[in-house]
Amino acid sequence: MGTVGLSFGSPTSGQGFDVTSTVSQIVTNMQAVETPWKNQLSALQSQDTALSSIGSDLSSLSSALQSLTDFAGVLSEKQGSSSDTSVLQLTSASTSAIAGSHTITVQGLATTSSYVSSTVSGSSDILTGSLTVNGQTINIDSTNNTLSSLAGAINSGSYGVIANVITDSSGSRLSLVSKTSGASGQISVSSSLVDSSNGSSAVSFTQTQAGTDAQLTVDGVSISSPSNTVTNAIQGVTFQLLAPSSNGEQVQVVITNSNSAVESAINSFVSAYNKVVQDLNTQEGKDASGNPEPLYGSPTLTSLQEALQSALNFTQTSGAITSLSQLGMTVGSDGTLSVNSDTLDSVLNTNYQDVVDFFQPSGTFTSFGGNLTSVLNNLSSSSSNGAIKLALQQNAAVEQQLNQNISNEETIISAKKTELTAQLNEANYILTSIPQQLQQIDEIYSAITGYNQKQ
């Protein structure tokens, strides 16, 4: 701690001294004891920033890996194709679909039952009587006695049909279409309606289309479907029937693994891994000013590097794919990964299930993906025992103590400042009053001696 010299000037000048400036110098000198604490606190806070950034990138790596280790993730995705999209078009292939080829012949499409009324001269003609749809009778009254209001009443009820008024140059008709396609949606209609606006002529209904199930053959097995959207013929696959097969044509449906999606996920994993490695490599060097990075020489940094390197070199004990190199992934001199897309594509085409087994955890052996997942959990900032989490907690405990030390010292200094200010103000008052006291002494001396010093 340095010293502060007080300069009072001439004691008889009456000018005194600057109390505020003097107190400030003394307080600054006292605060020097806090400097090591503040420097340590700043260093720890810089470490926290670096650790949090690495933790965030480790979290991104975990998410990228999860898309490969999740049983319902990208490795389970399927895609399909149809050899004749004018007859059959694939809608979707879910994760439960199994790669393979299927032969489908479409004998007939599903149809939906429908009826239409005879023509009335206008949609506003007044109707009387009743209409029975699927066993439910609708009695005509003032609320439903036109084709439009009758259609509205049917659509607002539970009759199993959709009603619509069709108007053209010949007049208006009421159309009824089943809400359910196929044979099970066949509707029944009976009518005693009459058109009171047109000589009480009868309004009859005619079936325009019967409800029938689609008929198709899938891999030699005859199947019927109430809908042209077929969901239960091939596991996990939905396809749309568009037309009957011409001359018994066999449509080839091929379900394949989604290699492009898997390759994209693996490249995302590699990019996320490389970001973490680059974070760690940066901490081994110096910043732009030539100062060591916050985690330079930190045991946590070493622990992270060793754990990741060990996980990357993990060799699986089961399956045809046991290491990353077989997937076309190689490690560079800086620890980052690169991917040979040709090798990866070839492996996906020939050993797809082994790739799945390589990434996804199994109850009988430890997979690469399962091992890396465990390693990342042990390093993360979110796991209670994660290396980064523990390092941040350790720093936080030290930072709390340092902040407490600084706070305690500031309390002491504040009290000293108050006391010192009062003492120096008193001293300054005395200094500024000395000339007046000297003058009084001169006056007393003159009165006693008769001698005037100023003459």
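**Questions on a predicted model**

Student: Let's begin with Q136: at its relative accessibility, does it count as buried, exposed or partly exposed?

Tutor: Residues are numbered from 1 along each chain as its sequence is written, and side-chain values use heavy atoms, leaving out hydrogens and water. Buried means under 20% relative accessible area, exposed over 50%, and partly exposed in between (1.4 Å probe, protein chains only). Q136 has a relative accessibility of 34%, so it counts as partly exposed.

Student: Which residues does Q136 touch, not counting those up to four places away in sequence?

Tutor: Q136 has its place in strand 7; strands (E, at least two residues) and helices (H or I, at least four) are DSSP runs numbered from the N terminus. A contact means heavy atoms within 4.5 Å. With residues up to four places away set aside, Q136 touches L131, S158 and Y159.

Student: How far apart in space are Q136 and S190?

Tutor: In sequence, 54 residues separate Q136 and S190. From C-alpha to C-alpha, their separation in space is 10.0 Å.

Student: Good. Why do the buried residues of helix 3 line one face of the helix?

Tutor: The buried residues in helix 3 (residues 147-156) are L147, L150, A151 and I154. An α-helix has 3.6 residues a turn, so residues three or four places apart point the same way. The arc is taken from the directions running from the helix axis to the C-beta atoms. Seen down the axis of helix 3, the buried residues line one face because they fall within an arc of 100°.

Student: Zooming out, what radius of gyration does the protein have?

Tutor: The protein holds 9 helices and 20 strands. The globule rule, 2.2 Å times the number of residues to the power 0.38, is compared with a radius of gyration over C-alpha atoms. For 455 residues the rule gives 23 Å, and the protein is more spread out than a compact globule, because its radius of gyration is well over that, at 45 Å.

Student: What does the C-alpha trace span along its principal axes?

Tutor: Of the 455 residues, 37% count as buried. Along the principal axes, the C-alpha trace spans about 150 × 70 × 35 Å.

Student: How much space lies in the largest pocket?

Tutor: On a 1 Å grid over the protein atoms alone, a pocket is an open set of points where a 1.4 Å probe fits, with protein on both sides within 12 Å along at least five of seven lines, and lining residues have an atom within 4 Å of a point. Points are joined across faces, edges and corners, and the volume is the space filled by probe spheres set on them. For the largest pocket this comes to about 220 Å³.

Student: Which helices each supply at least two residues of that lining?

Tutor: The lining includes Y273, V277, Q305 and L308. It divides into 6 nonpolar, 5 polar and 1 charged, where Ala, Val, Leu, Ile, Met, Phe, Trp, Tyr, Cys and Pro are nonpolar, Asp, Glu, Lys and Arg charged, and the others, Gly among them, polar. At least two lining residues come from each of helix 4 (259-283) and helix 5 (299-312).

Student: Lastly, what is the phi of N247?

Tutor: N247 sits in the loop between strand 17 (237-241) and strand 18 (251-257). At 81% relative accessibility, N247 counts as exposed. In this residue other than glycine, phi is positive, near 55°.

Key: This is a predicted model: local features need pLDDT of at least 70, side-chain atom pairs count only at pLDDT 80 or more; totals for chains, interfaces and linings use all residues.
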